Amino acid sequence: MALEAPLHRPGPDRPGSRPPDLPAEMMAMRFYQPGDVRYERVPLPTPGPGELLVKIARALTCGTDVKCYRRGHPVLLKSFPSPFGHEFAGTVAALGEGVQQFALGDRVVAANSAPCESCFYCRKGKPNLCVDLDLLNGAYAQYLVIPARIVARNTLKIPAEASFEAAAFAEPLAVSLRGVALSNVAPGDRVAVIGLGPIGQLLARAAKISGAHVTALGRNALKRSLAESFAQADAVVDIAQSSDAEEIVRRYTPHGRGFDIVIEAVGLPQTWEKAFTLVRRGGLVNLFAGCPAGTILPVDARRLHYDEITVISPFHHTPAFFEKALSWIADGTIDPTPLITDRAPLREVTHALEAVEAGRAIKIAIAPNE
């Protein structure tokens, strides 16, 4: 919801839904145009029916936020000034009318969307493609209102075993778990992951947990180091020094056959093309990271057809995978916090995004209320 929208005021039939000690205003980062994100004082929103007001404990930087900061976003940033940021965890500070499943003080994490559950795609089991996907933005702020549909379908209580910082990874882990699941990764598979940003790291780690032999390919030294320590990749390749596809295939796959599964986590046409050069006959290419709009990809049609290459391009997450991601975080299957390479106050969000863009950081945890 836009911060400048009319505020929903709780009625007298909702005692205790808005504690009297909440401030009238808060600090927030707001997007005006590409390259122009401002740290401003704005009115504190009040949750309407079915909504929650959450006090943000931790927000995380994201590659999507970097793209939004640099060039805007036609879906996430529609009205200006716009709330900004979407990965977060926090505490319920006020309840909208009718909310029964949460209480003041609950530790919660919400996904950045929720499907309608009634359109053609939702009925087909593709809620990630929902034509009326309810989106949430605004985590770079001291407080955030979660819309009613997301409260009902994609907001979870954080188990005691999980910290705010760990729980804030539920959304990026959810998309990664879905990407690995759709790739049908099986024990013993040779999997190559191209691109070692946060999502690439999570994809590689999830593939490794699934029993695959993982080869991680990247340029940045910090990211390659994390591919070893966090993702626990079996091999890490510096493609700035060794980019020849034939050499990589010969060195890292049995009999130089090629990888069973290649996951592209960069989102550039040249790395999409590289994925096809690394996969074996009958293998699968997962074009996980989206390229800029209008990108045209040249593909060797002979190879695609006669070598029976399967191509998938997973988009977004689903409520089921969001729940699974939080479960994996809580039970220790994946501890994502080593991907946090720095921490910063709210007013330094733009500097944090620039550090991520420059490759000096992987994820930066933002503490809006500290």
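Is K157 buried, partly exposed or exposed? K157 counts as partly exposed, at 48% relative accessibility (buried is under 20% relative accessible area, exposed is over 50%, and partly exposed lies in between, with a 1.4 Å probe and protein chains only).

## What you are looking at

This is a predicted model, where local features need pLDDT of at least 70 and side-chain atom pairs count only at pLDDT 80 or more, while totals for chains, interfaces and linings use all residues. Residues are numbered from 1 along each chain as its sequence is written, and side-chain values use heavy atoms, leaving out hydrogens and water.

## Salt bridges

Searching the whole structure turns up 15 salt bridges (a side-chain nitrogen of Lys or Arg within 4 Å of a carboxyl oxygen of Asp or Glu). K157 is in one of them: its partner is D106, with the closest N and O atoms 3.8 Å apart. This pair links distant parts of the chain, since D106 sits in the loop between β5 (87–95) and β6 (107–110) and K157 in strand β10 (residues 155–157), 51 residues apart (helices, H or I with at least four residues, and strands, E with at least two, are DSSP runs numbered from the N terminus). D106 is buried, at 18% relative accessibility.

Then there is R58, which pairs with E165 at 3.1 Å between the closest N and O atoms. R58 belongs to strand β3 (residues 52–60) and E165 to helix α4 (residues 164–167), so this bridge ties together parts 107 residues apart in sequence. R58 is buried, with a relative accessible area of 17%, and E165 is buried too, at 12%. Salt bridges with shared partners also join R58, E165, R343 and E370 into one network.

## Where α1 meets α12

E357 and R70 form another salt bridge, 2.9 Å from N to O. E357 is in helix α12 (residues 349–357) and R70 in helix α1 (residues 63–71), so the pair ties together parts 287 residues apart in sequence. E357 is partly exposed at 41% relative accessibility, and R70 is partly exposed at 39%.

The two helices pack as well: the axes of α1 and α12 come within 10 Å and cross at roughly 110 degrees (axes are lines fitted to C-alpha atoms, for helices over the stretch in contact, and angles run from 0 to 180 degrees between N-to-C directions). α1 and α12 are therefore roughly perpendicular (65 to 115 degrees; under 35 is roughly parallel, over 145 roughly antiparallel and the rest oblique). The contact (heavy atoms within 4.5 Å) involves D65, V66, Y69 and R70 of α1 with T350, L353, E354, V356 and E357 of α12.

## Where α5 meets α11

Helix α5 (residues 170–182) packs against helix α11 (residues 319–330) at about 110 degrees, with the axes 8 Å apart. That makes α5 roughly perpendicular to α11. On the α5 side, the residues include A170, L173 and L177, and on the α11 side they include F321, F322 and W328.

## Out on the surface

F120, Y121, L129, V131 and F315 make a nonpolar surface patch of about 500 Å². Patch residues have over 30% relative accessible area and no salt bridge; like charges are joined within 9 Å, and nonpolar side chains (Val, Leu, Ile, Met, Phe, Trp, Tyr) within 5 Å. Accessible areas come from the Shrake-Rupley method with a 1.4 Å probe, and for residues only the protein chains shown count as cover. V131 is in the loop between α2 (120–123) and β8 (134–135), and is exposed at 63% relative accessible area.
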